[in-house]
Amino acid sequence: MNDNTVGSNASSGFSRRAFIVGTGSILGAAALSGQASAAPVPAPISSGAHVPVLVIGTGYGGSVAALRLTQAGVDVHMVEMGMAWDTPGTDGKIFANTKTPDYRSYWLRTRTKQPLSNFLGFPIDKDVPRYTGILDAEDFSGITVYQGRGVGGGSLVNGGMAVTPRRENFGAILPTVNPDEMYNTYYPRANAGLGVNNIDQSWWETVDCYQYSRVGRKHAQRSGFPFVFVPNVYDMQYMKQESAGSVPKSAVDGELLYGNNYGKKTLPKTYLAQAKATGRLAISPLHKVTSVQRDGASYTVVIEQINTTGDTVATKVVTADRVFFAAGSVGTSKLLTKLKANGALPGLNGEVGKGWGDNGNVMCGRANHLWDPTGAVQSSIPTAGIDNWAAGGAFAEVAPLPTGIETFASFYLSITKNPNRAEFSWNASADRVDLNWQTAWKQPAIDMAKSIFDKINAKEGTIYRTDLFGVYKTWGDHLTYHPLGGVVLNKATDNYGRLHGYSGLYVIDGALIPGNTSVNPFVTITALAERNIDKIIATDF
Ligand code: FAE
C-alpha cells in the first residue's frame, strides 16, 4: 500500500495539481476506465448536490477515511476550509520559508504570530497581507493553538516526527482500545501509509545540519538521560541530496512551519494520492462547513465557500448519507459544540466539547557556551528526543532553530504528562465557541520539563534563554502544536467514533484522543483512524 509515497518532489507537485484540477473532469476518467456510473460529485461541490459520504477536513483522520472508503468502492467528497496549495506564489514556490514569512504563512492575520516571537528580546513578528495562509495561530483566552490549513491539514506544516508511543504508555493514551490490535495491525499500517522512514545515523553523525542534535545528545547523555532517535515522514534520501547540493533545498534551508516545497511526504503525496487514484475522491478546498443537521435518513450540510481574503463568496447546502468530522481536535470540537447548543444536533451527549488537552506542550531554549555551537545551518526536521517520560513525565524533542546564523542556543519542544483538561462551550452572545484553558494550567508541564533541563543546565553550567518568547520570558507556555480531544472516544462517541444519537455521523480525528499521546500525536491519530474505519466499513457500509 506504500507504493506511491513520495520520492521525487517535482513530480509530486505536478500530481497534486493534476489531482485537484482533475477532479473537475473525473467523469471522463471514470468513463474511460469503464466505471461510468461511479463518478463522484465533482469539485467544487455545488449547492443541492447529494453525496454518499462527506468528510469535513483533509488532515490525518479525514485522509484515512477517504482512502479506505474509496478503496471499498464508496464515493467520497472532502470539504476543506484551507487552500489546495498546488499553485506557486509570486516567488515561483508554493510555500514560504520559515525565515521569511509572507502572505502565504498565516491564516487570515495581518501580522505574523510566530511561535518564537522574539530574538535577543526583540519582537520578530511583522505585518503580512490578510490571506488564507497555511498556519493558523488560533487564539483562545489562555492558549494559542497552531494548526495547518489546507488540503493535507497539519501534515503541511508539522515537523514530520512520526512517533509510535511506547506500548507501556498506551493504556493511559486510549484506555478503551485493545493495544494488541493497535501494535500488531494499525500502527504498522499507519506507519506504512504515511511513508515513515529513519535517518541514516552514520550520516547524522557527520553532517553540519545536525550539529544542533548532536549537541542535544551530548548534553542529555552527560546528565544521564536516554536520548532516542525518532522516525520521520521527511524523505531522508532527499535530505542527503539537498545537503549535498544536488537537488533544491528544503529542510536544510529552514522550510517547515509554512510548508516544505520538497522532501516532506505530506498527506497529499501519500494517503490522498492513493485515494485519488481510485477515481472516487473529490476535494473542495476553500470550503468551510458551518452546519450539519439531520434530514430524514440523511444529513443537510451547510458549506461556505470563501475567497483568499476569507470572505464568503457562496453558501451551499448539500446532503450526505454519512458525514465524517475530521476537522481536527479544535475544528471538530467547535463544530459539534455549536451544533449541539444551537439545536442543529440536539441529541449529542454531554461529553461533546469535553476532555481537551494540549499534549502537555511547552517550549524552552538553553544558552550554550561559546565552545558548544549548534550550527548556522540546521535541518528543520527534528530527528531525536530526550525520553524522561517514565522518571519525570517529559519527552523533549531536540528542535531546530533554523535562523541562518549561529545562535549557540539549544531549543526544545517538550511533551509532558500535564493532567489538565479543558472544555469547549458555546458563547451565544459572541457567536463563537470558547475554550476554558488557562495559561496557569501549563505549570505542571513546566515542572516536568524542568526535570530535564534544570539538571542539564546544572551539569553544563548553562542557563535558560529568556529572549525567545518575550522580554525575559523563559517558558513557551502560551501555545500548543498538539491539540487533542474534545469529542473523546467511548464517551462522546462509541468505541469506534460513531457519534451517540446520530447514525451516520462519525468523528475520526484527533478530537477522539483524550488530551495526551506521550509523544508527537499524528501516528496515533492515523492508527486510530485506521482501526475505526476498518470496523465502520465492515459493519456500517
Ligand atoms: P488536522 O491535521 O488539523 O486536519 C484538520 C483539517 O480540517 C484542516 O485541514 C482544517 O483546515 C480543516 N477544517 C477545520 N475546520 C473545518 C471546517 N469547518 N470545514 C472544513 N474544513 C475544516 O487534524 N505531530 C506529530 O505527530 N509530529 C510532529 O512533528 C508535529 N509537528 C507539528 C508542528 C506544528 C507547527 C503543528 C501545528 C503541528 C504539529 N504536529 C505534529 C501535530 C499534527 O500536525 C496534528 O496532531 C495533526 O495534524 C492532527 O490531525 P487531525 O486529522 O486531527
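In the chain of this predicted model, residues 24 or more positions apart account for 73% of the contacts (heavy atoms within 4.5 Å) with a separation of 6 or more. Local features need pLDDT of at least 70, side-chain atom pairs count only at pLDDT 80 or more, and totals for chains, interfaces and linings use all residues. Residues are numbered from 1 along each chain as its sequence is written, and side-chain values use heavy atoms, with hydrogens and water left out.

The chain contains 13 helices and 22 strands, assigned as DSSP runs (H or I of at least four residues for helices, E of at least two for strands) and numbered from the N terminus. Its radius of gyration, taken over C-alpha atoms, is 22 Å, close to the 24 Å of the globule rule for 541 residues, so the chain is as compact as a globular protein of that length. The rule is 2.2 Å times the number of residues to the power 0.38. Of the 541 residues, 61% count as buried, that is, under 20% relative accessible area (1.4 Å probe, protein chains only).

Among the polar contacts (N or O atoms within 3.5 Å), a polar backbone atom of Gly510 lies 2.9 Å from an oxygen atom of the ligand, and one of Gly159 lies 3.0 Å from a ligand nitrogen atom.

Methods. Polar contact = N/O pair within 3.5 Å; in protein donor to acceptor, adjacent residues only side chain to side chain. Buried < 20%, exposed > 50% of the residue type's maximum accessible area, 1.4 Å probe, protein only.
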